[in-house]
Amino acid sequence: MVKICCLGAGYVGGPTMAIIALKCPSIEVVVVDISVARIAAWNSDQLPIYEPGLDEVVKQCRGRNLFFSSDVEKHVAEADIIFVSVNTPTKTRGLGAGKAADLTYWESAARMIADVSRSDKIVVEKSTVPVKTAEAIEKILTHNSKGIDFQILSNPEFLAEGTAIQDLLNPDRVLIGGRETPEGQRAVEALKSVYAHWVPDGCIITTNLWSAELSKLAANAFLAQRISSVNAISALCEATGADVTEVAYAVGRDSRIGPKFLNASVGFGGSCFQKDILNLVYICECNGLTEVANYWKQVIKINDYQKSRFVNRVVSSMFNTVSGKKVAVLGFAFKKDTGDTRETPAIDVCKGLLGDKAAVSIYDPQVTEEQIQRDLALNKFDWDHPLHLQPMSPTAVKQQVTVVWDAYEATKDAHGVCVLTEWDEFKSLDFQRIYDQMQKPAFVFDGRNVLDADHLRRIGFIVYAIGKPLDPWLKDMPAVA
């Protein structure tokens, strides 16, 4: 009986282990976390994360061969394979602050594994980690090994939130990196045999450790780069009267480029893209590759530019001030079908509006008021550190921000509406009703290009959509960059 233990019951650990338990009934899977509250949530009817399809899988396996526990050391000691999916946030202070990954949690996990292990272990890196982390972890384990054999594997996750369960059930690829020694290759085969329960052999790629670690960072950098590329073109479209949707469609029909990740928007978010690119930049700098570092930095610069451009457009359209004006924000999560707000562009947009003294009213179908208030109060990169280490949210934010549970409530008496997440329900809102209860002139700023702009204009709205030809009104009120 193979026993698997996963350290970290978050967005990666929870769903991944649930699917392994579902597909490998003969393997006992335990997810452990030091947060008692988080484990209690995994054992309850209200799981701590929202992911379509996750509920059913967890309820089917929990108590059978899938367990959630806060007794970390016991389950680590008993496991044959240990997945480590702890946070690797961006450092906020010290060497490499603002770029390098903070491996504090990873290192303490490795020391604990070495401390409690009484039998040989395969340790699998599941969190996104900088290249060569495995080497550091290996040193900690071997120097504290007491004669026990530890094999380190890199098995990065390629999940997209909102489709994580499908991504796990039908992955494009499963990547396993290991040492090119006989022991290393045996460990690779052991992990491969777990995935082989449901993943076709041709989809399981084996590489050396460093290739696997770098592939994850590179894949995210390439995806983010596509978004920044189309967002850069969107600014040019607005300046020239082109339509970014038409341009992206024409470009995407080239089979070498393909249509995915070419939707212009207010910017990319999520816990990985920015973090991984900053990490890549830092690794390049550490290796003296300044030109390569600067190349990837530009992807983040364009993303920040897109967010500030959006805020400037909102403010300049409304007679260059939003002070004291109610602005409705529809959508706060970084994309639809997830409650995740990490690095969501909505944070920077809301902060920009709050900086100009707007009264912001926010509605998102999946994000709680507590989460929104915390996000708007935190400093950059603080979000990725454990809750008890985060500063308490100041009251200043609360005075200017209201969070409501209904789009019509959010837009009532507002001067403008900003759509910042592409939730499907926003497409079917009754915009005539919204228009009737708003201040005039009424503005819609569509940061996701999900609304029918012509329909809104017929109702009477002044509409700004990213990368689309500008309304005459917007041309008269140029955005100050």
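Biologist: What does Ile-233 count as at 38% relative accessibility?

Modeller: This is a predicted model, in which local features need pLDDT of at least 70 and side-chain atom pairs count only at pLDDT 80 or more, while totals for chains, interfaces and linings use all residues. Residues are numbered from 1 along each chain as its sequence is written, and side-chain values use heavy atoms, without hydrogens and water. Buried means under 20% relative accessible area, exposed means over 50%, and partly exposed lies in between (1.4 Å probe, protein chains only). At 38%, Ile-233 therefore counts as partly exposed.

Biologist: Which helices each supply at least two residues of the nonpolar patch?

Modeller: Ile-233, Leu-236, Val-247, Val-251 and Ile-257 make a nonpolar surface patch of about 360 Å². Helices (at least four residues) and strands (at least two) are DSSP runs numbered from the N terminus. At least two patch residues each come from helix H9 (209–240) and helix H10 (244–252).

Biologist: Which strands stand at the edges of the open sheet of six strands?

Modeller: The strand order is E11-E10-E9-E12-E13-E14, with parallel pairing. Strands pair if DSSP finds at least two bridges between them.

Biologist: Which residue in E13 is the bridge partner of Gly-416?

Modeller: Strands E12 (416–419) and E13 (443–446) run parallel and are joined by four bridges. In E13, the partner of Gly-416 is Phe-443.

Key
Patches are made of residues with over 30% relative accessible area and no salt bridge: like charges are joined within 9 Å, nonpolar side chains (Val, Leu, Ile, Met, Phe, Trp, Tyr) within 5 Å. Accessible areas come from the Shrake-Rupley method with a 1.4 Å probe; for residues, only the protein chains shown count as cover. A salt bridge is a side-chain nitrogen of Lys or Arg within 4 Å of a carboxyl oxygen of Asp or Glu.
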